Amino acid sequence: MKKHNLAGLLFVALISLSALGQETKVWSLKECVDYTLENNIRVKQTTLDVSTADENLITAKGNFMPNLAGSATQSYNFGSFIDQDQRRISTDARGNTFGLNTGVILFNGFQNTSTYKQAKLGIESSKLQLAILKDNISLNVVNQYLSVLLNKENLKVANEQILVTQKRLEQIKELVASGVRPKADLFDVQAQLASDQEQLTNVRNNVDLALLSLAQLLQISHRGFDVEDMEMQLPAVLLEHKSADDIYDYALTSRPEIRQAELNIEDSELGVDIAKSAYYPTLSFGAGMFTSYQHQQGQDDVRPIIDPDNPPNIIFIPNGFGKQLSDNLGYNFGFNLSVPIFNRLQTKANVNRARINNERIAYALEQEKQDLRTNIEQAYADAKAAFNQFEASKVSLEAQKEAFKNAEESYNLGVMNAFEFEQVRNRLINAESNLINSKYNFVFKTKVLDFYLGKPLIN
C-alpha cells in the first residue's frame with residue numbers, strides 16, 4: 001500500500017511540475033517589441049558593427065600619432081669578424097644590439113584627415129543602419145501581433161456561431177418532436193453544427209499559427225506563449241494628412257534611410273580626396289637610438305687603453321655589459337620626403353574609380369528618394385482603400401444583421417426553409433469576418449504611415 005501511495009505522490013508531483021513548465025506568459029505589444037529589439041540576433045550583430053566603427057575611428061586617430069618601436073637582437077659569430085673597436089679578429093663571440101625608433105607622418109596629401117572624417121561618418125552610418133533595422137523589426141512585430149488579435153477575434157465569432165447553432169439545434173429538436181418541423185430540418189442544423197465546428201478548428205489553427213509566427217519573430221519558444229488583448233483605436237492619420245505629399249516631405253528629412261544615403265555620398269567624396277592624396281608628396285620625421293654589446297667567448301670583457309701613468313704602456317680596463325651599452329649609445333633623427341613622379345597611371349585610375357563610385361552613390365540617393373515616395377504613396381493609397389473597405393464593411397454588416405433578423409423570424413414561422421436561412425446566416429458570418437479583417441487591415445496600414453511619420457508604433 002505504501003508503495004502505491006508513493007507512486008501516486010510521484011505521479012502527482014510530475015504532473016504539477018509539467019503544469020508549471022507549461023505556464024502561459026501573456027505578452028503585451030510593448031513587451032514583444034522591447035524584447036525583440038533587445039534580443040534579436042540581427043540587432044546584436046548590427047550593434048557590433050557600431051562598435052567596429054568606433055574602433056575604426058580610434059585607428060584613424062592613431063594615424064596622426066607617432067609610432068614607437070623597440071628592438072633587441074642576440075647574435076653569435078664564429079670565425080673572422082669586425083669587433084666593436086673596428087678590429088678584425090678571429091674568435092667566437094656573441095653580441096646584443098638594442099634600438100628604439102619613432103616616426104610620424106607630417107604630411108601625406110591630407111589622407112589621414114580624410115580617413116579620420118570617413119571613420120566619423122562610419123559611426124553615424126552604422127548607427128543609422130541599426131535604427132533602420134530596429135524600425136523594420138518593430139513594424140514586423142506590430143504586424144504579426146495584430147495578426148494574432150485578428151485571428152482571436154475570428155475565433156470569438158466562430159465560438160459565438162457554435163453557440164447560436166447549438167441553440168437552434170435544441171429548438172429544432174423540440175419542433176421536430178412536436179411535429180411542427182420535418183426531421184430533415186434537424187439533419188440540416190446538425191450538419192451546420194458540424195460545419196461550424198470544423199470552421200472553429202480551422203480558426204483555432206490560425207490562432208496557433210499566428211502565435212507561432214510571432215514567437216519565432218521574437219526568437220522564443222511558442223510553448224506557453226500568448227498575447228494580451230488590446231482595444232483597437234481607429235487612427236485618424238488620414239484626417240490629419242489630405243495627401244501623401246506632406247508625409248513624404250516629412251519623411252524626406254527624418255527617415256534614416258535618406259540620411260544614410262546622404263552620408264554615403266559624403267563618404268564617397270572623401271574617397272575621392274583619399275585617392276587624390278597619392279598625387280602629393282609625403283613628408284615624415286623619424287628618430288631613434290641604438291646601442292650594442294659584444295663578448296668574446298672564453299675571455300673577460302676588457303679593452304686596451306694607454307696607461308695614463310706610464311705611457312705608452314697598454315693596460316686593460318673593464319668593459320662589461322653596462323659599460324659597452326653606455327659607450328656605444330647613439331642617436332639619429334631625420335626627415336624623409338617622398339615625391340611621386342610616375343606610378344604607371346595607378347593613381348589616375350584610382351581617382352577615376354573613386355569619382356565613378358561617387359556618381360553611382362549619388363544616383364543611389366535619388367533612387368532611395370524615389371523608393372521612399374513610391375512606398376509612401378502606396379502606403380497612403382492602401383490606408384485610404386482600407387478605410388473605405390472598413391466603412392463599407394460596417395454598412396454591410398448592419399444590413400446583414402437586419403436581413404438575418406428578418407430571416408430568423410421567417411424561418412421560425414416556417415415561411416423560409418433551412419437552406420435559405422443558412423444562406424442568410426452565412427452572409428452575416430462573412431460580413432462579420434469582413435469587418436474584422438478590414439478593421440485590422442486599416443489599423444496596420446495606418447501603422448505603416450505612422451512609421452514614415454516617425455510616430456511611435458506602440459501607443
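Select K323 to begin: with a relative accessibility of 39%, K323 counts as partly exposed, a label for residues between buried (under 20% relative accessible area) and exposed (over 50%), using a 1.4 Å probe and protein chains only. You are looking at a predicted model, where local features need pLDDT of at least 70, side-chain atom pairs count only at pLDDT 80 or more, and totals for chains, interfaces and linings use all residues. Residues are numbered from 1 along each chain as its sequence is written, and side-chain values use heavy atoms, leaving out hydrogens and water.

Helices here are DSSP runs of H or I with at least four residues, numbered from the N terminus.

Next, select E124, R259, E262 and E266, which salt bridges with shared partners join into one network. Zoom in on E266 and R259, whose side chains pair at 3.5 Å, N to O. E266 is partly exposed at 31%, and R259 is partly exposed at 29%.

For the last stop, pick D135 and R255, joined by a salt bridge of 3.2 Å, N to O. This pair links distant parts of the chain, 120 residues apart: D135 sits in helix α4 (111-177), and R255 in the loop between α7 (245-254) and α8 (256-276). Which of these is buried? R255 is, at 5%, while D135 is partly exposed at 26%.

Note on methods. Salt bridge = Lys/Arg side-chain N within 4 Å of Asp/Glu carboxyl O. Helix = DSSP H or I, 4+ residues; strand = E, 2+ residues; numbered from the N terminus.
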